[in-house]
Amino acid sequence: MATGSIMASEERELVLTRVFDAPRDLVFKAWTDPNCVAMWWGPHRFTNPVCELDLRPGGAILIHMRGPDGTVYPMTGVFQEVVEPERIVFTSAALDDKGTPMFEVLTTVTFTEQNGKTKQTMRARVIKMTPQAAPYVAGMEQGWTQSLERLTAYVATHAKELR
Amino acid sequence: MPLAPDHLSTTLAALSDPTRRAILARLATGQATVTEIAAPFAMSMPAVSRHLKVLEHAGLITRGREAQWRPCRITAEPLKDVADWVAHYRRFWTESFDRLDDYLQDVQKKGKKHGHGKHHGE
């Protein structure tokens with residue numbers, strides 16, 4: 001069974017941790033072998049008819065996620081670092097509900113051994129906005145994650161007036 | 001009213017400044033005039049006005065039309081857009097990791113059946 005948490009660490013990062021009851025080599029393989037990745041990537045009831053990983057710095061990531069209603073959501077990215085079996089770093093485009101890229105996210109996933117289990121730590125950071133958002137990039141340097149966390153709480157408590 | 005993605009970016013940019021977040025936190029408790037908003041901050045009125053303009057441009061606040069008062073009010077719609085994105089993002093990874101967990105358990109069970117199971121001597 002996995003245990004996990006999600007929290008904002010530094011202001012601009014979103015951090016998710018999980019402990020998997022599996023050896024580190026196996027978890028690393030699950031993240032880096034396209035056949036394995038296709039088995040779990042995406043929300044429940046999604047499949048991944050296309051899953052291509054060019055596992056080296058600069059190598060491309062191409063995943064076509066298919067939702068339960070048949071809609072295909074292409075996702076592209078680029079590996080920045082691959083350190084077997086402890087770390088992978090990649091950039092990817094964050095898409096909105098309609099599949100439009102909103103900004104680029106740098107994701108770092110590290111794997112550490114913990115009494116025969118594997119602790120996985122994922123850090124995600126917004127690094128680039130879409131062209132129309134470019135004038136605001138400078139302003140995005142910090143603070144977004146914490147803002148989001150706080151505002152999510154705010155919105156939750158003001159849900160009534162939002163409808 | 002649905003917001004386009006670049007609105008989300010504008011909202012995020014407006015929220016990236018701690019002073020503006022503090023202003024919003026103040027307005028979350030009720031509307032206030034510029035003077036009231038400026039009171040806790042060690043900055044000039046023009047500086048506060050500049051922050052208010054950014055917030056207004058992002059649609060995070062509205063300002064009254066009365067010339068003398070122009071009270072500021074928080075508007076929640078853009079915040080909902082941001083909250084939706086965070087929720088979407090969380091769900092994507094949380095569900096993916098649930099599936100990864102199941103997958104890892106399956107693979108290990110199969111490994112044991114085929115005589116390769118050397119992990120965890122349950």
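**Note on a predicted two-chain model**

1. With 11 C-beta neighbours inside 10 Å, Arg45(A) counts as exposed, because 12 or fewer is the limit for that class. This residue belongs to the loop that joins α2 to β3 in chain A, and its phi is near 70°, a positive value in a residue other than glycine. The model is a predicted one, and the values discussed in this note are computed from it.

2. How is chain A built as a whole? Its secondary structure comes to four helices and eight strands, and, read from the N terminus on, the elements follow the order β-β-α-α-β-β-β-β-β-β-α-α. Of the 163 residues in chain A, 25% are buried. Among the contacts in chain A with a separation of 6 or more, 35% are between residues 24 or more positions apart.

3. Strand β6 of chain A holds both Ser92(A) and Ala93(A). Ser92(A) counts as partly exposed because it has 17 C-beta neighbours inside 10 Å, and Ala93(A), with 17 such neighbours, is also placed in the partly exposed class. Leaving out residues up to four places away in sequence, Ser92(A) touches Ile61(A), Met75(A), Thr76(A), Gly77(A), Val105(A) and Thr107(A). The C-alpha atom of Ser92(A) is 8.9 Å from that of Phe79(A), 13 residues apart along the chain, while the C-alpha atoms of Ala93(A) and Pro74(A), 19 residues apart along the chain, are separated by 9.9 Å.

4. Which residues have the most contacts inside the largest nonpolar core? They are Val27(A), Ala30(A), Trp31(A), Val37(A), Trp41(A) and Leu104(B), in a core of 20 residues. At least two residues of this core are supplied by each of α1 (24-32), α2 (34-40), β3 (47-53), β4 (60-66) and β6 (87-95) of chain A, and likewise by α5 (77-113) of chain B. The largest share, four residues, comes from α1(A). A second, separate core has 16 residues, including Ile23(B), Leu52(B), Ala58(B) and Cys72(B).

5. Two residues show in detail how the chains touch. Val27(A), not counting residues up to four places away in sequence, touches Phe20(A), Ala22(A), Phe111(A), Thr118(A) and Gln120(A), together with Leu104(B) from the other chain. Ser96(B), which lies in helix α5 of chain B, is in contact with Trp40(A), Trp41(A) and Gly42(A) once its neighbours within four places in sequence are set aside. Ser96(B) is buried, because 20 other C-beta atoms lie within 10 Å.

6. Helix α4 (residues 45-57) of chain B has 13 residues, so at 1.5 Å a residue it should span 18 Å, and this agrees with its end C-alpha atoms, which are 18 Å apart. Its buried residues are His51(B), Leu52(B), Val54(B) and Leu55(B). Seen down the axis of α4(B), these buried residues fall within an arc of 155°, and therefore they line one face of the helix. The face turned away from that buried side carries the exposed residues Met45(B), Pro46(B), Ser49(B), Lys53(B) and His57(B). After α4(B) comes Gly59(B), whose phi is positive, near 75°.

7. How do α2(B) and α4(B) cross? The axes of α2 (residues 18-27) of chain B and α4(B) come within 10 Å and cross at roughly 75°, so α2(B) is roughly perpendicular to α4(B). Thr19(B), Arg20(B) and Ile23(B) in α2(B) meet His51(B), Val54(B) and Leu55(B) in α4(B). The buried residues of α2(B) include Arg20(B), Ile23(B), Leu24(B) and Leu27(B). These four cover an arc of only 100° around the axis, which puts them on the same side of α2(B).

Terms used. Residues numbered from 1 in each chain as written. Chains lettered and ligands numbered in written order. Predicted model: local features only at pLDDT ≥ 70, side-chain atom pairs only at ≥ 80, totals over all residues. Core = buried A, V, L, I, M, F, W, Y, C linked by C-beta atoms within 7 Å. Contact = placed C-beta atoms within 7 Å. Expected span 1.5 Å × (residues − 1). Arc of directions from axis to C-beta. Axes fitted to C-alpha atoms, helices over the stretch in contact; angles between N-to-C directions. Parallel < 35°, antiparallel > 145°, perpendicular 65-115°, else oblique.
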